[in-house]
Amino acid sequence: MATNINKIDMSKENNLIDVNKLNLLMELVAKINSNLELKNILKEIMNATKEIMSAEASSLFLLSEDKKDLILTVPTGPLTAELSGKKIPATSGISGWVVQNKKLAVVKDVSKDSRFGGDLGKGSSFKTKNIICVPLINHNNEVIGALQAINSLQLEKFGQDNAAIFQTMANQAAIAVENALLHKERLNNQLLNREIELASTIQSGFWPKEQPMISNYKVAGCSIPAKNVGGDYFDYISLPNKNNWGFTVADVTGKGVSAALLMATMRASLRSHLEYSNTPNISLTKVNELIFNDSPLDKFITAIYCELDSIKNTIRYVNAGHNNPYVLDVEKNSISTLDVGGLMLGILDTVKYDEEVYEIKSNQKLILYSDGITEARDVKGDFYGEKRFENWLLDNKTLDPDAMVKGITEELIHFRNEAEQSDDITIIVIQRVG
């Protein structure tokens, strides 16, 4: 601080009042250090300020987060309720000067000080005559506000010892205020974490609990969110025609709670339209309309939806801007993609999606996946990539779907090494075995 505040000299004979003030200060420190409720702390600070400085009123201003305003918190004196929460520019008034200059201000007659902007309580009979104002300085030597004693009855005797006591109290107050704010933030974070855990539990409830029992077919799949909740979606859907099953993998832009909410919206919409025996392209068209109308402009979904007819051994699919599914032929040791595609969901209000039918042959595997696989990164920032994924599929073509799903997840963990998972990972493997 620019102001030179000496240590309190306890050797003076007339310093009895300072001893009393020190006792009050110690009591205040004990009270605020044992309390983490901001409102209670502020009230103790205000009352102690009035008593220690023998003042008619007191006020405490805290800087707003953007540091543009000073906010009056729990003032004492007349019009307490009316004044609480009022804002003034951080450069205005005596308190603004104290904050900007990080100095003590002792104003014996406010009417003669150009910095004084008048009483905040307009029309009140209470009039400010003098002000003693000190900056609130935290443990990082940063100013977070200002503390005022108004109409002190001992202003004429105000000296360096009094100033030191008042500044010490203000510094203790600043630390107590920050501790209370941090405590409140921790409580809010704990509440948020509990809500996220609940959202994660709800989301995991959307995913299939068991593999579908389909004659001559094996199916396995999983989704591993990069965060507690993710934006990927996979599903096995039993259709009205008992020989038919729907399979989908989708990826919402972004991650976290907002992506999970949009994913839940898509799931409900898709299942609803499929219940009425709509074809894949009509169902995706309806889902697109909903997503376009109900989601923010910067949110969209890529999705692949396949409908398996287990009697005809055909796959009817629609692709809305998603990764092209792989067809892995075990006997031919080959891999190819289903290439018909369309626009992502939620980009335009009206989109016509094309369907294609593919005949799946014995021992062929259909792999639906999200880009969390191909865009996984190692510690150097290199991508796993499509080519590496294709080679892994060919090298492990004889694995059954369940072992293949487990194998690729272990492969990605090994590839990333110590790098964090950067995106949700989702995969479904469908194999015709008869």
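Which residue is the bridge partner of F61 in β6? In this predicted model, the bridge partner of F61 in strand β6 is A146, and the pairing belongs to an antiparallel arrangement in which strand β1 (residues 55-63) and β6 are joined over 7 bridges. Strand β5 (residues 131-137) also pairs with β6 in the antiparallel sense, over 7 bridges, and here the bridge partner of C133 is Q148. The strands β5 and β6 form a hairpin with 5 residues between them, and within the turn N141 adopts a positive phi of about 60 degrees. Strand β6 itself, which spans residues 143-152, is mostly covered, since 10 of its 10 residues are counted as buried.

Aromatic contacts were examined next. In general, a pair of aromatic rings is described by the distance of the centres and the angle of the planes. The structure holds 6 aromatic pairs. Among them, Y236 and F247 form an edge-to-face pair, with 5.8 Å from centre to centre and 65 degrees between the planes. This pair links distant parts of the chain, as Y236 lies in strand β8 (residues 232-238) and F247 in strand β9 (residues 244-252), 11 residues apart. With a relative accessibility of 6%, Y236 counts as buried, and F247, with a relative accessible area of 0%, is buried as well. The rings of Y326 and Y369 have their centres 5.4 Å apart and their planes at 5 degrees, and the pair is therefore stacked. Because Y326 is located in strand β12 (residues 326-329) and Y369 in strand β15 (residues 364-369), the pair ties together parts that are 43 residues apart in sequence. Both Y326 and Y369 are buried. Ring pairs also link F234, Y236 and F247 into a cluster.

A contact between a charged side chain and a ring is found at W97, where R115 lies over the face of the ring at 4.5 Å from the ring centre. In helix α4, which comprises residues 93-101, the buried residues are I94, S95, G96, V98 and V99. As a general point, an α-helix has 3.6 residues a turn, so residues three or four places apart point the same way. Helix α4 is followed by K102, for which phi is positive and near 60 degrees.

Note on methods:
Residues are numbered from 1 along each chain as its sequence is written. This is a predicted model: local features need pLDDT of at least 70, side-chain atom pairs count only at pLDDT 80 or more; totals for chains, interfaces and linings use all residues. Side-chain values use heavy atoms; hydrogens and water are left out. Rings of Phe, Tyr and Trp (its six-membered ring) pair if their centres lie within 6.5 Å; planes under 30 degrees apart count as stacked, over 60 as edge-to-face and the rest as tilted. Helices (H or I, at least four residues) and strands (E, at least two) are DSSP runs, numbered from the N terminus. Buried means under 20% relative accessible area, exposed over 50%, partly exposed in between (1.4 Å probe, protein chains only). A charge sits over a ring if NZ of Lys or CZ of Arg is within 6 Å of the ring centre and within 35 degrees of the ring normal. Two strands pair if DSSP finds at least two bridges between them.
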